[in-house]
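Please open the structure in your viewer and keep the sequence beside it. The tour below moves from one selection to the next.

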Amino acid sequence: MTERYYRIPIRGRLSERFAAAFGGLRLEPGPEHTVLSGPCVDSSALFGVLDRIRDLGLELIALESAPVAAESPRPGAPARP
């Protein structure tokens, strides 16, 4: 598996103190959910993140992925044609 960029929305608003629990993924808090985003090097790293979400009792809303390009997409940035 090649490195992929992930967006993982979870229910609830997480503070920055949770950032270390998610292996360097960026936390983007919203009013009703938080989005974890960033690259995972392989499926083992992704399953580690999903396990932590479960272990913390958080509710997974979705899992979105895309291949990592030379310039990783920034959340909220417009897509390049």
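A salt bridge here is a side-chain nitrogen of Lys or Arg within 4 Å of a carboxyl oxygen of Asp or Glu. This is a predicted model, in which local features need pLDDT of at least 70 and side-chain atom pairs count only at pLDDT 80 or more, while totals for chains, interfaces and linings use all residues. Residues are numbered from 1 along each chain as its sequence is written, and side-chain values use heavy atoms, with hydrogens and water left out.

Select Asp51 and Arg54, whose side chains meet in a salt bridge at 3.4 Å, N to O; both lie in helix α1, three residues apart, about one turn of the helix (helices are DSSP runs of H or I with at least four residues, strands runs of E with at least two, numbered from the N terminus).

Next, select Arg11 and Glu59, whose side chains form a salt bridge at 3.1 Å, N to O. Because Arg11 lies in strand β1 (residues 4-11) and Glu59 in the loop between α1 (43-55) and β4 (64-67), the pair ties together parts that are 48 residues apart in sequence.

Finally, select Thr34 in strand β3 (residues 33-40). Is Thr34 buried or exposed? Thr34 has a relative accessible area of 0% and is therefore buried (buried means under 20%, exposed over 50%, partly exposed in between, with a 1.4 Å probe and protein chains only). The side chain of Thr34 reaches the backbone nitrogen of Leu14 at 2.9 Å.

Definitions and conventions
A polar contact is a pair of N or O atoms within 3.5 Å; within protein, one must be able to donate a hydrogen and the other to accept it, and residues adjacent in sequence count only if both atoms are side-chain atoms.
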